[in-house]
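Here are a few friendly notes to read alongside the model.

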Amino acid sequence: MFKGYQNFDYGQIHYLTAGDTGPSIVLLHESPLSNRVFEKCIPALSEWAQVFAPDTPGYGNSDALAKSSTLADYAKVIGESIKLWAGDRQVLICGTHTGASLAIELVNQFPNIASGLFLIGVPFYTEAESSDRIANWCPDIEITEEGEHLNWAWRRYQKIWPTAPLLDRNMAVLDMLSVSDKYNWGYLQAFNYAVGDRIKNVNCALRISAAENEFLFAGSKRLAEQINADFTVFAGLDGQVPLRAPDLFSEELKKFHESLTGIAK
């Protein structure tokens, strides 16, 4: 696995990459984390694919866009990043949570970029749910002398990653706190993003999935039913499929790729 940076007019994109042959796989992470959530699954994926996992602008080690930037702005930069890595090759894109929304917007802006989308935990909300997320899910973080923001971050991931190993939860907390001044920028844009409308323009193969016990399961299933898309359930998990079940994730992604190419195994 290698790390690198790409230069753009706005700043730099940080990425992880691995694998020399096979299909081109792009991994897009959830907010407010980084491509570190893919470090456990990249070795398995790189046995049969070429893998590229960028940090979304403003997260991990990628430079931030302006606070007012929309999800479309984020997708434009990520699309240019993918093309710089892959050239004219089509890629299979896997996005989790905010990364799923980015994947949908990517194929809206770059219609020929993807052979398929594999989405895990799509942020598909009702109007009321979206309003509640915007108002309550990701408040600004106030750093205090007493360090309450540190306890708040830990309690947050105790709640949303209840069965995660402590080291995984600690990684998530550190990722969020490392961008504490802007951790909610991408979140808020994702909550405003019209997933149900934009997914209608997806012109490539599509599979929607979710961990059985994650908070985006119901919305992901509802979206799949609404557009008559395949829906895969990762049983027994409460989220973070690439992090918590890397081999299973690699197998499912390989099966999806094989279904696109007609390879029988």
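1. Helix H8 gives the lining of the largest pocket its largest share, three residues. Helices here are DSSP runs (H or I, at least four residues), numbered from the N terminus. Both H8 (195–198) and H4 (127–136) supply at least two residues of that lining.

2. A word on the source: this is a predicted model, in which local features need pLDDT of at least 70, side-chain atom pairs count only at pLDDT 80 or more, and totals for chains, interfaces and linings use all residues. Residues are numbered from 1 along each chain as its sequence is written, and side-chain values use heavy atoms, with hydrogens and water left out.

3. The lining numbers 15 residues, and Tyr125, Tyr193, Ala194, Val195 and Gly196 lie nearest the centre; lining residues have an atom within 4 Å of a point. By type, the lining has seven nonpolar, five polar and three charged residues, with Tyr and Cys counted as nonpolar and Gly as polar.

4. How many disulfides are there? The count is zero, taking a disulfide as a pair of cysteine sulfur atoms within 2.5 Å. For Cys41, the nearest cysteine sulfur is that of Cys94, 7.9 Å away.

5. Are Cys41 and Cys94 buried or exposed? Cys41 counts as buried because its relative accessibility is 0%, where buried means under 20% relative accessible area with a 1.4 Å probe, protein chains only. Cys94 is likewise buried, at 0%.

Note on methods: Buried means under 20% relative accessible area, exposed over 50%, partly exposed in between (1.4 Å probe, protein chains only). On a 1 Å grid over the protein atoms alone, a cavity is a set of points where a 1.4 Å probe fits but cannot get out, and a pocket is an open set with protein on both sides within 12 Å along at least five of seven lines; lining residues have an atom within 4 Å of a point.
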